[in-house]
Structures are given as C-alpha cells and as structure tokens.
Amino acid sequence: SQTRLWGGRFGGGPSPAMAALSKSTDVDWRLAPYDLASSRAHARVLHRAGLLTSDELDRMVGALTELSAEVAAGTFAPIEADEDVHEALERGLLEKLGPLGGKLRAGRSRNDQVATDLRLYLRHNVRALVAELSALEFALLGLAERYQDVAAPGMTHLQHAQPVLIAHQLLAHAHAIARDVDRLQDWDARTAVSPLGAGALAGSSLELDPDAVAAELGFDRAADNSIDAVSDRDFAAEFCFAAALLGVHLSRLGEEVVLWTSTEFGWARLDDAWATGSSIMPQKKNPDIAELARGKSGRFVGNLTGLLTMLKGLPLAYDRDLQEDKEPVFDSMEQLLLLLPAVTGMVATLTLRREILEAAAPQGFALATDVAEWLVSNGVPFRSAHEISGAMVSFCEEAGLELDQLDDDQLAGIDERLTPAVRSVLSVPGALAARKARGGTAPERVAEQLTALEDLAVVH
Ligand code: ARG
C-alpha cells in the first residue's frame, strides 16, 4: 500500500502470506494511545531542534490530538493494509496533514517507538493493577478482622498440625499480596527509562533531546545506550514474572477457598453473587472464581516462559522476534485485571463458620507439640519429650480419646513425667497465647500484624 513505512527500495507489495504473518494490528492496537502520546512529545523535540516551525508544530499536535480522540471513540481504526499500530497511526496523520505528516518520523524508528510504547502501556496499567491489589489486601484484612478471635486447624501436609488463628492464615495471604505490590513498585522505578532517541539502534544525528522527550512522557530519564534501549525487554520479562508470581499467590488462595467451601471441610460459605450453580444438580454452589484463579496461574507462568524463551540467544539490537513480546504481556495484564476484582469480591463476602473452625482446631492431636514443649520447660530433653508426647497420641488413637480426655492414671501410665499439670497446655487458647514471639499466632501478635498491614495497604 502507499502508506507502507518502508516501500522505497521495494518493487512490488508483499505477498499475501508475508503480509498476513507480518501484520500485528489486532494485537498492538492497544498501544495506540501511548504511541500518540509519544508522537506529541517527539513533535515538540523536533520543533526545539528547528526541524518543525511553530506553526507546523501546532498543526501536528492538533492532528495528533484529534487522532487520539478518534482512536478513543473507535472512529479511527486500522485497515487491512496497515502492518502495525505505528503504520496505521502514520496513515491517520498523513490523511489529516498531507506531506507535513511525513515530517514526524525524522529521528525516530519503530524500534525505539515500540519499546517506548510498551513501557508506557505497562507503567500505566501497572498502576491499575496495584489499585486492584490494594483492594484485595483490604478484603483479606477485613475478613481477618471479622474473625480475629477464631481458632482453626493450622495445616502441614494438609493435615492438622497446630492450632492457629484463622486471621493469622488470612494475613499470610495478605503478606504475599503486599510483596506483589512492592515488587511492582520496585519494577516501575527500574522501568522509568525512555528508549526514545535511540532510533533504529545507534541514536540520531538530528540533535534531538532524548531527556526532554523522556521527561514529557513521565520517565525519569533517557536510556544511556541506544542499542540496549531498543533490544532490552527486561521490563517485559520482569513484569511477566511479577504477574506469574502474583498468579501463583492467587492460585494458592483460590485452592484454600475451594477446600474451605468443600462439603468435607465446611469452614466457609461463598456469597451467592460470587459463586455459580450446576446446570443439572440443583444443590450445587461452586467456587468458580477460586478455581479460575487456580487455573489461570498456568497461563501467567506460560506467558513468562514464552517471553524468556523468545529472548534467549537473540542478537542485539532489534530483531523481529521482539514483536512477539506483546501477547504475553497483554494477556497477563488483561487476565489479572479481569481476575482480581472477582477474587476480591469473593474474599470480601466470604462467611467463615466459627463453630466448625473452633471445634476442628484441637482435633487430630494438634496440641501434641504443646505437650512436648511443656515437658521441655520441665527439664525433659526435647528428644524424650517428643517420644512421650508421641506415646500419648498413640494411646489416645487406640482408646478413641482426645489428649485432654486422659485421666491422671492414664497420663502417669504413659510416662511418670506426665503429671496432671500438663492439662494447663491442653487448650487451644493456651496454645495460641503461648506463641507470642514476633511472627507467632498469639492474638496480640496477630492484632499487630493486622495494624501493620493496614498501614501498608493505605500506602499502596
Ligand atoms: N511492529 C514491530 C514490533 O512490534 C515494530 C516494527 C519494527 N520493525 C522493523 N522491521 N524494524 O516489534
């Protein structure tokens, strides 16, 4: 087509198969607003370098602003002949300005343009992602606060291990999400570097000012190396990693919601608005959000793997392989922005069943460690204490009793060091309260955690 950006030395148009393979507008049109913003900044830099008159600059910026509105309204869109977002937008500019539109491309290449656009897209959307994550943090904190005094079985190997406050477990998920926010903010500081000015790979001879463009687009500075500027996709890979790890966190939270709402556990109930039914079994209430959170983690990991594999062994500076950076990035971003509000709603409306949790907390001999530690505090070496407590469990298992149901004679029969005073630690509140060092599940430590995480979530 006559709007192709690279027609000069070519005799005819591309073959249909070539054009079909090369075309990326269905994917990269998402970059249009960012491409237009960076074009406006580039026009100003051309003006400052004396390459556009003030009048030309006004007309250029006016046309770019009009185009932005048309893109937003959907009245300007790519046509079949457009290879990518950059070509489509240049066509739009030429349609409005005639030959003047052709001046904007001076000192710029699609190579530095696309690297800039993708950074702008990600920095903008990461802000939206952080807002969603902070909403999820608040939902987890709210749930923890509502059930702050409720004990539950803490698990290892999915078996009753030691009692914990259910709030302690919920806050463990909140800590993971808080680290995700921290990771994205840290990522942003590293990504605030503008590739514009690198041109195709070597920089421009036109005396443009890369730092001025960078500042106008909200970057901290321009890149120090033009080859690195067009070939670096660390920011995309790092984002995909942050997204994959966040996805993994959501999958672990999702799995717990699946378990907790199962008939066998019965620890939690989903709100009707955040669950689905079965088309055949009228009694069903399914945790689809939790399962989609669990399931979608696969594609986040896949996006990261695909992107890293594409980058591996790629020679500097630009190669067309790099065009394949966009789908994994867009998919991870869009799917997370779709998933997070649903997960947050599910968490915020979850009902926990206090009596069931409290009753289950001591079951499965979950206080056996407390017996061993009680023996240790009476001077028994931990090795022996572990054995004595183990013998107590085995006796109870045989007799069909819980630890606190053993009478004085039964205790002494197991080991003479098991005096009746051991009963002082055979209570869930006692076991919780005793774990009062930093990081423990004692109510006062959990209350502190809640406050600290609330302060953090407010900052997020
Ligand atoms: N659409 C390409 C991409 O997304 C940018 C074009 C660069 N093309 C080129 N032949 N140098 O990576």
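1. Start with the ligand: helix α6 (residues 110–146) gives the largest share of the shell around it, three residues. Helices here are DSSP runs of H or I with at least four residues, strands are E runs of at least two, and both are numbered from the N terminus. A word on the basis before going on: this is a predicted model, in which local features need pLDDT of at least 70 and side-chain atom pairs count only at pLDDT 80 or more, while totals for chains, interfaces and linings use all residues. Residues are numbered from 1 along each chain as its sequence is written.

2. Which residues surround the ligand? They are Ser24, Asp28, Asp84, Arg110, Asn111, Val114, Tyr318, Arg320, Leu322 and Gln323. A residue is near a molecule if its C-beta atom, placed from the backbone, lies within 6 Å of it.

3. The shell takes at least three residues from domain 1 (16–106) and at least three from domain 2 (111–148 + 164–205 + 224–353). Those bounds come from an automatic or database domain assignment.

4. In the model, residues 8–302 are 61% helix and 6% strand, with end C-alpha atoms 40 Å apart. Residues 365–432 are 59% helix and 0% strand, and their end C-alpha atoms lie 15 Å apart.

5. Two backbone spots to look at. Leu316 and Ala317 are joined by a cis peptide bond, omega about 5°, and Ala317 sits in the loop between α11 (288–311) and α12 (326–348). Glu207 is not a glycine, yet has a positive phi of about 55°; its loop runs between β3 (193–194) and α8 (210–216).

6. Now the helix pairs. The axes of α10 (residues 234–260) and α12 come within 10 Å and cross at roughly 30°, so α10 is roughly parallel to α12. Axes are lines fitted to C-alpha atoms, for helices over the stretch in contact, with angles from 0 to 180 degrees between N-to-C directions. Under 35 degrees counts as roughly parallel, over 145 as roughly antiparallel, 65 to 115 as roughly perpendicular, and the rest as oblique. The α10/α12 crossing is left-handed, meaning the near helix is turned anticlockwise from the far one by less than a right angle; clockwise is right-handed.

7. For α3 (residues 32–48) and α5 (residues 85–97), the axes come within 10 Å and cross at roughly 60°, so the two are oblique. α3 passes α5 in a right-handed crossing.
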